[in-house]
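Subject: A structure for you to look through

Hi there,

Here is the structure I promised to pass on. Please have a look at it first, and then read my notes below.

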Amino acid sequence: MQRTRYFLRLFAAGLLMCLAGEPLMAGEPIKIGMAGPFSGSDASFGEQLWRGAEQAAADLNAAGGVLGRPLQLVKADDACDPKQASAVASRLVDREKVVAVIGHFCSSSTIPASTIYADAGVLMMTPGSTNPVVTERKLPTIFRMCGRDDQQGVVGAEFVVQRLKAERIAVLHDKTTYGQGLADAMKARLHALGKKEVIYEGLTRGEKDFNALVTKLKSLQSDAVYFGGYHSEAGPLVRQMREQGMKAALISGDGIFSEVLVTSAGGPAYVEGVFMTFGADPRNLPAGRGLVEIFRKNGYEPEGYTLYSYATLQAIVAAMQATQSLDGEKLAQWLHENAVETVMGKKAWDGKGDLRVSDYVMYRWDDKGKYKELD
Amino acid sequence: MDIYIFGQQLVNGLVLGSTYGLIAVGYTMVYGIIGMINFAHGEIYMISAYLTAIFLALLAGFGLHSVPVVLLLVLLCTLFLTALYGWSVERIAYRPLRHSNRLAPLISAIGISLILQNYIRISQGARNQGVPPVLEGVWRIPAQAVEQQFVQITYQQSLIVITALASMALLTWVIHHTALGRACRATQQDRVMANLLGVDTDRIISVVFVMGAAMAAVAGMLVTLNYGSFDFYIGFLMGIKAFTAAVLGGIGSLPGAMLGGVVLGLAESFFAGFVNSDYKDVFAFSLLILFLIFRPSGFLGVPEVEKV
């Protein structure tokens, strides 16, 4: 009985699908890879990326697909692990035969994976990898929808020196490609501004106890702490700073741009006065207003990289429609030369695949566990 | 050197070490009785962190706000469920392999650890989870300090140190002065003979796993409340560090686990605090290797005697 009903339901579902899908779009779906950390401690970023890409694919398909064919996302989990990133990149290229890839997220994953895409001539655009090396190697089919750490670090350093007027600046990182790269960029700008850091050290990802490091910061009397890394370490770090009575500001980059920072710190009281750099909030741009409303109506706040991911798919599809082609090199050629209207406004890329204009601004967390752009 | 900074690093190391010690006790007990390293112990600790958060939320939902009552209730509930996990792991993954070669249970332990980790990841999500601060407050010496001139320990941290010492003392007493402890020691010395003399060794081994898991539950709760956040992956690094502490102290010895934990904690703290936190783990583990070369049985371990 149970079983018959199950089959009946399956049959009905199949029938419905035929009715809905067929007449609109014929032909094989176009496969687009969506690679990012869907598991592991950075999975909250993976969720942002997936939500954005999923919505974009749904909207584009509703509008008739691309070249008369529907888009199909292929989810690939790299867990922000470089080894796994190479493996899933090969899978996307060889087995899934994707024509383009949205991703990856962590720079340490994007860099090894991008060589695989470049060798196969597959277009890759990362919504969130900010390490300079991603595009600095001038691989022709590699792009990004975000800024670079050398731009982000500059904004961070100038903020610390000019706005906070800090004298004894500590620079910490989490020893990852992204974290250390960001800290290095910040440090370089700091030196250019004629300041020198009191300490430059790394901590270990996955640990929760940074008390020894915090005591050391205290003994150095540092009045501002810059941290290159992600929220899972930034949370405990700032909590232990406050517990030990340190009032110094914590400044970080886009790696902590998620409300999970509050959970990582164990309460909104601890994140008050934490600063971070991120692109001007895309949720406030006129181009994306309608889309943000749709997300909110579905009970999801499109924070962080959600809209970046949406815009990434828009850019890829715009290139496909303009060139009437699925060839990675042709798409890349077009993107290097043309601008695209996205949900985040008009975007254009230079010869390396970096955005022509970057828009990093500083955000500040309040004691309610919310963040706001500083003016 | 500033005396307050030195004192603070001492406290940092002591607290971190007690955390390691609390978890190391579980490793060392299991090893002491059946000579097997229970690699799933770190995951049991991780599960107890989740249970702590769940029960805290439940109690807050019932409107309970008295701190000692909440702590006690959460501890009891977490202890019970975590012990159940420990018992089930032994029953499912280790007991059927008791008479196969030495490697089989080891692989089985690694397998169980991966299963538990992924099960939590899928069922609870990979996001960081947090608990609200329950026990707030801090002791400072001197009490009326100005300008960061003080050494401090939070109530939560002192609870960790006290509990670690107390539970180690309690377990040592149980092993040396009770009928259950005698049965445990008999099982450790000669399992076949103990069985012949009427000790139900299967039951004893189950009890040992339950006690080990209970210790992991205590640690899971206290550490979670101290750091305020956790994810499905915390068991791995903590497990490795605690295992190191157990080996350093002499695996099989309960006071050794505590001592090893504190030594490891202090070494990490002082190195990170006064030298360089980049190389903290390199230093701690080099120390372990050096120590094991010159004293393979650890601080308080008994050198293995060849039985003839």
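Before anything else, a definition: two strands pair if DSSP finds at least two bridges between them. Helices (H or I, at least four residues) and strands (E, at least two) are DSSP runs, numbered from the N terminus.

Please keep in mind that this is a predicted model, in which local features need pLDDT of at least 70 and side-chain atom pairs count only at pLDDT 80 or more, while totals for chains, interfaces and linings use all residues. Residues are numbered from 1 along each chain as its sequence is written, and chains are lettered from A and ligands numbered from 1 in the order in which they are written.

**The sheet in chain A**

In chain A, strand 8 (residues 224-228) and strand 9 (residues 249-252) run parallel and are joined by four bridges. Val225(A) stands opposite Leu250(A) of strand 9.

These two strands belong to an open sheet of seven strands with mixed pairing, in the order 7-6-8-9-10-13-14. Which strands stand at the edges? They are strand 7 (199-202) and strand 14 (371-373) of chain A; each has a single partner strand, so one side of each is left without a neighbour in the sheet. On average, neighbouring strands are turned by 25 degrees against each other, direction ignored. For such angles, axes are lines fitted to C-alpha atoms (for helices over the stretch in contact), and angles run from 0 to 180 degrees between N-to-C directions.

Helices pack here too. Helix 6 (residues 149-163) of chain A lies across strands 6, 8, 9, 10 and 13 of chain A, at about 55 degrees to strand 13. Helix 7 (residues 177-192) of chain A touches strands 6, 7 and 8 of chain A, and its direction makes about 155 degrees with that of strand 6.

**Where the chains meet**

Two residues are in contact if their C-beta atoms, placed from the backbone, lie within 7 Å. By that rule, 33 residues of chain B are in contact with 33 residues of chain A. Helix 1 of chain B gives the most to the side of chain B that touches chain A, with five residues.

**Chain B as a whole**

Chain B has 11 helices and four strands. Its C-alpha atoms fill a box of roughly 65 × 50 × 35 Å, taken along the principal axes. Among contacts in chain B with a separation of 6 or more, 76% are between residues 24 or more positions apart.

Enjoy exploring!
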